[in-house]
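Please keep the sequence and the coordinates at hand while reading.

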Amino acid sequence: MKLFSLRKTKPQAGDEDLLQRYRQTGDLALLGELYEQYMPLVYGVCLKYLQDEEQSKDAVMQIFEELIVKVTRHEVKQFKSWLYVLARNFCLMQLRAGKKMETLSIDEVMEFPFVLHPDESNEAQLKQLECCMRKLTAPQQQSIDLFYLREKCYKEVAEITGYSLNEVKSYIQNGKRNLKICLEANRER
Amino acid sequence: MSAKKTDISQIEKYLAGELDTRAMHELERQALNDPFLMDALEGYERASKNQQANLTDLSNRLQQRVHTKRRMVLWPAIAASVLLFAGLGTWWLLRSPRIQPRPPQSSIVQSKSVTPKPAVSDSAIKQNAPQIAQTKHKFKKAHRTLKTSVVNEQVLAAVLPPADKSAAYERQKFTDTLTTPNELKEVVVIGYGAQKKVSITGAVASIKADSLTSTLSGRVAGVNVVTKNGRPGTSSRIQIRGINTQSGVEPLYIVDGKLADKISDLKQNDVASINVLKDTSATAIYGSRAANGVIIITTKKSKLDNLSEVESKQTQLIAGRILSKSGNEPLPGVAVKLAGKNTGVTTDANGRFKIQAQKGDVLDIAYVGYQNEKVKVKGHDSLQIKLNERQSALSEVVVVGYGTPREVIEEAHPTNGWQEFNKYLKENANLADGKTGVVKLTFVVNADNSLSDFKIVRSLNAQADQEAIELIKDGPSWQHNVNGQPEKVTVRIRFRK
C-alpha cells in the first residue's frame, strides 16, 4: 500500500526521501530516478565546461557513478546543490586532466547562496533594501532595478540600458551579491 | 527549493527565443537563484540547438546502467572467490602429503633439531609398548622394513626414527637396558658413558653409506679431515669446525654404539653412515669427552647383523676377569677385543674388564707373554678367563692400544703387584687345623698405604677369618689409589692344606 502511495506522490517526493529509500534498499533504480530529474541540468553544466557533446554525455554518466559512491558515504542535505557542486568539480577535474584550463571569470565561478531568504515584507527590511540599493554602482543598480523590480528579461534590460547581454548578467549578479552583503551587514548591527 | 523538474523544453525555447519576455524573465530569475540552472543554461547556449536527442540517449544509458550493473558487480566477486578457492585447494593439496607422516612421528618424537629426521626423545621412550607398536607400521614406509618379531625390535623400530645413522647405535643402547626378551617394562635410554637420555639437538650432519666412497672431508660442512702424512693407514685427524680443536684433541668417536679411540681402523666400505654432532650440546649427552664434537659411525655389518642378532639375542655388558693360569693372578692391560669388530677394552689393574657383546660374539684376548685366547660369549654376563703363559719367544708384539692406555695402575694394589701377592697368599694360606675353604674379605687402603676396616664378606669359620685378616696385615704392603682417596679392596683367600 505504501508503495502505491509513494508512487502517486512521486513528483512531490523529495530528493531526500528518494535518497533515504536508496540507502535503505540499495535499489539503484531509485537513484537513477533521482538523477534523471537533474540530468538535463547536469548535462548543461557539462556542456558549459567541456563543450563537446559526446564528452559531456560521458561526463554525465561518470558523474552518476560518482554519485553512487558518494551518496552512501556522505550525508547529503541538499541534493540539488550538492549535485551541482559534484558535477562542476568533475568537469573542472576533467579540464585539468585534459590540460585545457578554461579561464573562468570571477563572475562565472561565483558562489551563490542556495538558502532562500525568508520572505521579508516588513517595512524595516524594505527600507534596508532601498538603502543598500543606493549603495550599488550605477549599472548594477540599474540592471537590478530593471530586472527585479520591473521584471524585465535580460534581453530587454540589454536593450534598455545598452549594455551587452553578458554585461547585464554580470551587473545583475554582482549587484545581487553586494545587496546581500549590505543587508547582512545591516542585520548585524 | 526551486522546482526540481527542469523543463528542458523551456530552456530550449528560451534559447531559441521562442519565449515571450515574461517567460524569459521568469527563467532568468530562476537562473539567478539557481546557479545550477544558470550554468546549465550557459552550457546549452554554447552548444548546438537541439539537444533533445542527446538527452534521450542519456536517459537510455542511465536506465541501462541502473539495471545491469548489479550483474557486473557480481562478476569480479565470483571470479575472485573462484581463484581463492583454487589457490587454497592447491595449497592444501601440496601440504597434505607432508601432513600424513608427520602426526605419527610428532606424536612420538619431539623433534627440536634442525635435522630432517628427528631423534629419540625422553617422552617418546617412556610411552607404553602397545602404543608404540601401533604406530610401528606407520614407520615402515619411511624406514627399511625390519624383519623382526621380537617386541624389543618392534619397540625399537617404532620408537626410533629412520633406521640408518644413529639408529643402530641407539638400538644397541636400548637393548642393553632390557633384561628379558619379550618383556618391556620400562624403557630408559642411556647415553654412552653417562646416564643421560639421548636426544640429538643442535647441529647434526649425516652421511649415507651409498655415497661414502671418499673420506669424511668434503661431505660434511665444517668437518675437516687432516692426515698427518700421506701414507695410507695412518690415522687422520678430524677437526670439527667451531669446536675447540686447538688443544689437538680429536672428537669423540662412537662406532656402533661403542666408544672407539680412532677410526682409522675402519674400512670405508664397512661404514654405513656417519653422524657428526658438531655443536657442543653433544657434551650434554656424551660428557665432556664430546667437547670436540662427536662422530657417530654405524657400520654396515653391524646394522644388518645386529638386526638379525637383536632378534633373538641382545647385547650385554659382559664383565670378566682375566687371570693367569699358573698363578691365578689378575692380568692387567690385557687386550679384549670383539672378534670381527673394532671395539675392545683392556683389563684394569685387577684384571677386570667390561665389554659390550652379544651372545655368540667371540672375544679375542691377547697379552704379551701369554697365549691368545678366544672366548665365546654365552649367556653369562661375567667371565673368568685364564691365560696360559707363552713359552715361546716373544716374536710378536701386540700393541695394547684399545681404549685409553693405562700406564699407571690407578686403583689400590699390592706394591709388588698381584702376582707376588697371590704367591704370598698361596704359600701362607694354611690353617692350623688343615681346613680348606675360601674367605672373602674387604679392607680399605688409605692414602698413607695403611690398611684398615677389615670386613669379612664370606666367612669360613671364625678362626679362618681371623687368619685371613692376619695374612693380609702381615703380607706385602699396599699402594694406595692414585687419586689419594681410601679405596676398598676385596680379596679372596683360599685356604689349602
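**A lysine and its surroundings**

Lys169(A) has a relative accessibility of 12% and therefore counts as buried, the limit for that class being under 20%. This value, like every other given here, is computed from a predicted model. Lys169(A) belongs to helix α10 of chain A, which covers residues 165-188. Leaving aside residues up to four places away in sequence, Lys169(A) is in contact with Tyr154(A) and with Glu45(B).

Tyr154(A) also takes part in a contact between two helices. Together with Lys155(A) and Glu156(A) in α9(A), Tyr154(A) meets Thr21(B), Met24(B), Glu28(B) and Leu32(B) in α2(B). The residues of this contact comprise 3 nonpolar, 1 polar and 3 charged.

Helix α10 of chain A leads on to the cysteines. Over all chains, the count comes to 1 disulfide. This disulfide joins Cys132(A) to Cys182(A), with an S to S distance of 2.0 Å. Cys132(A) sits in helix α7 (residues 123-135) of chain A and Cys182(A) in helix α10 of chain A; the two are 50 residues apart, and the pair links distant parts of the chain. The torsion about the S-S bond is about -75°, so the disulfide is left-handed. Both partners are shielded: Cys132(A) is buried at 2% relative accessibility, and Cys182(A) is buried with a relative accessible area of 12%.

Cys131(A) counts as partly exposed, at 32% relative accessibility.

Attention now turns to the sheets of chain B. Strands of a sheet pair through backbone hydrogen bonds, either parallel or antiparallel. One open sheet has 4 strands in the order β10-β9-β12-β13, with antiparallel pairing. Its edge strands are β10 (344-346) and β13 (373-376), each of which pairs on one side only. Neighbouring strands of this sheet are turned against each other by 20° on average, direction ignored. Strand β12 (residues 362-366) is joined to β13(B) by 4 bridges, and the two run antiparallel. Within this pairing, Leu363(B) has Val375(B) in β13(B) as bridge partner.

Another open sheet of chain B consists of 3 strands in the order β11-β8-β14, and here the pairing is mixed. The edges are formed by β11 (352-358) and β14 (382-387), each with a single partner strand, so one side of each has no neighbour in the sheet. From one strand to the next, the twist averages 35°. Strand β8 (residues 315-324) runs antiparallel to β11(B), to which 7 bridges join it. In this pairing, Ile318(B) stands opposite Ile355(B) in β11(B).

Notes
Residues are numbered from 1 along each chain as its sequence is written. Chains are lettered from A and ligands numbered from 1 in the order in which they are written. This is a predicted model: local features need pLDDT of at least 70, side-chain atom pairs count only at pLDDT 80 or more; totals for chains, interfaces and linings use all residues. Side-chain values use heavy atoms; hydrogens and water are left out. Two strands pair if DSSP finds at least two bridges between them. Axes are lines fitted to C-alpha atoms, for helices over the stretch in contact, and angles run from 0 to 180 degrees between N-to-C directions. Buried means under 20% relative accessible area, exposed over 50%, partly exposed in between (1.4 Å probe, protein chains only). Contact means heavy atoms within 4.5 Å. A disulfide is a pair of cysteine sulfur atoms within 2.5 Å. Ala, Val, Leu, Ile, Met, Phe, Trp, Tyr, Cys and Pro count as nonpolar, Asp, Glu, Lys and Arg as charged, and the others, Gly among them, as polar.
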